[in-house]
Amino acid sequence: MPSVARTLNPALAALAKKRLLFFAGKGGVGKTTVAATVAFTLAQQGKKTLLIELDDSARAARFLGVAPTDQPTNDARPVSPSLFVLSTSGQIALEEYLQLIIPFKPLLRTIVESRAYQYFVAAAPGLKELLTIGKVWYEERKREAEQPLWDIIVIDLPATGHSLQYLRMPRAAHETFGGIISREAERIAAVLHDPEKTAVNLVTTPDELPVSETQDAYRQLTEELRLPMGALFINRMHLAPCPADVLRSTTLHGPLSPKERQLFELLLRCGHTEALETDIQTARLQPLQALSLPLIPIPFAVADTADKTIVEQLSLALTTVAAGPSPRTKKSARQRPHAPRASHAETSHAQPEE
Amino acid sequence: MPNQKSKSALSSLLDTHRVVVCVGSGGVGKTTTAASLALWGALSGRRTAVVTIDPAKRLADCLGISPHAPDVNLEKPLPPELFARSGLHPTGTLTALLVDQQTAWDAAIRRYAPTPEIREQIFANRFYQGLSRTFSGSHEYMAMDTLALLIQQGVYDLIVVDTPPTRQALDFLAAPQRLQRFLDSRARAWFTRATTAKSWSAFSALNRTTTFLIRKIEEATGISALREISEFFTTMQVMFDDFGERFQRVSQLLMSEETAFVLVTSPASDVLAEAQEFHQGLIQMGVSLKAVVANRVHDEWLAASPRSSDPARLTERLTNALQGPAADRRHAEWLVKNFLSYQHIAREEGARLTQFAETLPTETPVVRVPALPAFPADLAGLAALHRYLVGSSQ
């Protein structure tokens, strides 16, 4: 990337001061993409960043251009000198944890492969979630020359239904279990509930169901789990410059060849559809304006390839050029007189197309 | 009545199967697709049930029903007025069922507990509470149980099942075998021995490694894991045989010719990659895929293309041709840019879908549904999808 100094969106700048940034959201809203983009952006700002994804699909790693490995690993892999990515799962975390209490490898192997172990794991499904969050906490506590090894850790949680289980586990385990696990769970819960250290972020798209699921998740996170909240990222925003009505009453005139007329009609209809999406999206996002969360809009990305360029492009939407507002920002602000109100509207919504 | 002349792959699939399972990644419109297919079943005269096991109450949103305690015995079909309001006149019925983890477990215990004492003992068991309330992963069992009950009741001709996102959906299919293994009599004996003997000597016959592991886990959790778990197993024991047998039956049905698996996807590259993995998973389980539904496809924007791909020239000509409130260069410029972006999207999607289709058996149809601005939030909206899904409308 060209080294143009860029400053963070103010809402993101506030998040950059934390230690743990969790990302939750409904499946398919682009949560992994957003988490990877945030990790990438923070690393660009010079923060030593670790991105953890809590399943072994290594999708986030792929977004950042790290090739998948055959061997599931518990080690962070470097993307750049300041950005590392770690793909873990309950299974891996559980085996790592057992390694701590049973340091003798052959014995560990025997246990992990034993029927009794399989039964126990099957019988206590929550254990995996707890140990996975435990792994996050373990990375948070890593020190190098008495300094934290990671400035910031970005965690890509599984889809909402499952992800809240992860965040719920430490406190639940503290109450359910006793012994070492209870004590450890309590310490993990203390970090999760510390607003100085942790922020839970939500990711949605301006679609009906993700919006209602976001409201649900917000309520659960703030009322039941009482976790400190970060920001609400709205992915795939449509950005038409005028309401659909304006385009509906716009027609064609003058001499046009049949082919050209067909093309222009299609083109107008395409613009009208995008404007309609923008209108509908404004209405749909209305309930989210009421949540006391800063909104961070991310435009609909055109290039839909799972590679680094998407992350780089989207990263532009989270930052502005340091020396005053960029011309693109001004242009896009002028272009969208009726775009949804976002609390940080001054930041760039530049459409990363072409 | 559905138009019999244009019988599509999906409508004949719905006609000839008893269970249709919709699988696929999250956020691809799987629930909506399942609901729309079920609605088609009802419109074609079948007594249809649609089951969602997704924790988010999405189906409730599109069917205008409120979340409820899913004691399926109490389920009623949607009232005719609801259809009439959307201008629909089904000759069959449509019943929507939601599986909620906690309430489904409790309902199952209520159904199967032989005595009130055993029921209360189970409810009070911490391990049960954890399993049903706090811990994830037990969802699939309950979905299976609901499906088993529906099949047993025999009041539906067609059951459309919406599954959780990809990875969990495979878990869902594996649930019967997993539970079978879990409930395996040897395992049960192993766990229940601890309470009956009330001492570690009960494990003298077991190898020392296992004893060591259990002791370590007990030390770590302080839960006296064994006691809690074995108590759970002891109290649940009476119910297990019934559970196991029912699950076995569902499992057989899912693998049989009476069940069709439909993979729902979108043309996004990561979604298609997951769809491919999922297809492989199904093959390994010995299940064949009957159809693919690709939602949110933008190919309609490829109906006409500019001769020259120079946006400046196109903008010039469009500016001159426009008439009305948006007839200016600024709007024309945006219209061209927007259109070319969508054409770009459509071409990339087309290429990916073609590539994906090549990995499928040739007889597997891929049904494309366009990206629609308004999400179908009511029955009329779900019926509007029939045009694309089954190539016809009522």
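What percentage of the 354 residues of chain A count as buried? In this predicted model, in which local features need pLDDT of at least 70, side-chain atom pairs count only at pLDDT 80 or more and totals for chains, interfaces and linings use all residues, the share for chain A is 58%, where buried means under 20% relative accessible area, exposed means over 50% and partly exposed lies in between, with a 1.4 Å probe and protein chains only. Residues are numbered from 1 along each chain as its sequence is written, chains are lettered from A in the order in which they are written, and side-chain values use heavy atoms, with hydrogens and water left out.

The secondary structure of chain A comprises 14 helices and 13 strands, taken as DSSP runs numbered from the N terminus (H or I of at least four residues for helices, E of at least two for strands). Of the contacts in chain A between residues at least 6 apart in sequence, 76% join residues at least 24 apart, a contact being heavy atoms within 4.5 Å. The accessible surface of chain A is about 14,400 Å², and 54% of that surface belongs to carbon and sulfur atoms, as computed by the Shrake-Rupley method with a 1.4 Å probe.

Chain B has 17 helices and eight strands, and 58% of its 394 residues count as buried. Among contacts in chain B with a separation of 6 or more, 81% are between residues 24 or more positions apart, while the accessible surface of chain B comes to about 16,000 Å², with 52% belonging to carbon and sulfur atoms.

Within chain B, helix H14 (residues 311-321) packs with helix H15 (residues 329-358) at an angle of about 130 degrees, and their axes are 9 Å apart. H14(B) and H15(B) are therefore oblique to each other, since angles under 35 degrees count as roughly parallel, over 145 as roughly antiparallel, 65 to 115 as roughly perpendicular and the rest as oblique. The residues that H14(B) brings to this contact include B:Pro311, B:Leu314 and B:Leu318, and those that H15(B) brings include B:Ala332, B:Val336 and B:Leu340. The residues of the contact divide into seven nonpolar, two polar and three charged.

Most residues other than glycine have a negative phi. A:Arg236, although not a glycine, has a positive phi of about 55 degrees; A:Arg236 lies in strand E10 (residues 229-237) of chain A and is partly exposed, with a relative accessible area of 30%. In chain B, B:Arg296 has a positive phi of about 60 degrees and is likewise not a glycine; B:Arg296 is placed in strand E6 (residues 289-297) and is partly exposed, at a relative accessible area of 36%.

Methods:
Axes are lines fitted to C-alpha atoms, for helices over the stretch in contact, and angles run from 0 to 180 degrees between N-to-C directions. Ala, Val, Leu, Ile, Met, Phe, Trp, Tyr, Cys and Pro count as nonpolar, Asp, Glu, Lys and Arg as charged, and the others, Gly among them, as polar.
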